[in-house]
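Let's take a walk through this protein together. Have the sequence and the 3D view ready, and follow along one step at a time.

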Amino acid sequence: VIGKSTMMNVMRRLVEEGASPYLPVISAEKKGEDSIFKISGMAVFDREKLVDVIPIDEAKGILWVNDEIERALLVVEQEELGILSAEVQNSKTRIKTEVIEGIPNFYVNIECSAQLLEVISERKSGSLDQKQQKLAEHLLSEAIREETKSAVRRCLLRDHCDVFRFCDHL
């Protein structure tokens with residue numbers, strides 16, 4: 001999934017003050033005589049000027065914050081549990097704004113459910129006990145948190161682009 005950007009959303013963001021549009025980047029790979037097209041990242045704009053092309057693994061953070069994740073695959077690794085893959089669904093993002101000493105603070109709350117798809121581990125047990133399930137839940141939550149923090153740092157702080165429409169929450 002690489003977002004729900006419609007042409008109308010992109011055009012609106014191009015003309016609105018403070019909002020930055022983004023679009024998927026599609027690349028072609030040669031496979032023999034055929035070309036395979038895939039989404040390889042996300043283009044971020046400041047008005048009509050291309051500012052950055054974000055790799056696909058970092059672009060997911062933008063989608064989390066913008067409540068545009070319908071389904072996603074998360075893979076995390078941890079010494080005790082091994083490699084876990086989970087399908088995330090039913091995601092809902094809420095943004096709360098609070099002004100503290102004249103500075104806006106944005107709180108992003110993401111709620112979702114995840115179905116564990118695969119566990120690759122050297123453990124003998126085939127299923128996770130309750131403690132390991134809690135650890136898996138924590139690891140998945142931290143993966144989502146890191147993806148969103150990375151996207152916010154890159155887009156807002158480095159590129160100075162509000163692809164998250166935080167300006168609408170002021």
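**Helices, sheet and core**

In this predicted model, helix α3 lies across the strands β4, β5 and β6, running at about 115 degrees to β4. Helix α2 also lies across β4, β5 and β6, and it runs at about 55 degrees to β5.

Now look at those strands themselves. They form an open sheet of three strands in the order β4-β5-β6, with antiparallel pairing. Because β4 and β6 (103-120) stand at the edges with a single partner strand each, one side of each has no neighbour in the sheet. On average, neighbouring strands here are turned by 40 degrees against each other, direction ignored. Eight bridges join β4 to β5, and V75 stands opposite S85 in β5.

Back to the two helices: how do α2 and α3 meet? Their axes come within 7 Å and cross at roughly 95 degrees, which means α2 is roughly perpendicular to α3. Among the residues making this contact are I62 and W64 of α2, and A151 and C155 of α3. By class, the contact has seven nonpolar, three polar and four charged residues.

Finally, find the largest nonpolar core, which has 29 residues. In soluble globular proteins, nonpolar side chains tend to be buried together. Y22, V44, I62, C155, V163 and F164 touch the most other members of this core. Elements giving two or more residues to this core include β2 (34-46), α2 (56-65) and α3 (130-158), and the largest share, seven residues, comes from α3.

Conventions
Residues numbered from 1 in each chain as written. Predicted model: local features only at pLDDT ≥ 70, side-chain atom pairs only at ≥ 80, totals over all residues. Heavy atoms only, no water. Core = buried A, V, L, I, M, F, W, Y, C linked by side-chain atoms within 4.5 Å. Buried < 20%, exposed > 50% of the residue type's maximum accessible area, 1.4 Å probe, protein only. Helix = DSSP H or I, 4+ residues; strand = E, 2+ residues; numbered from the N terminus. Axes fitted to C-alpha atoms, helices over the stretch in contact; angles between N-to-C directions. Parallel < 35°, antiparallel > 145°, perpendicular 65-115°, else oblique. Contact = heavy atoms within 4.5 Å. Nonpolar A, V, L, I, M, F, W, Y, C, P; charged D, E, K, R; others polar. Pairing = 2+ DSSP bridges.
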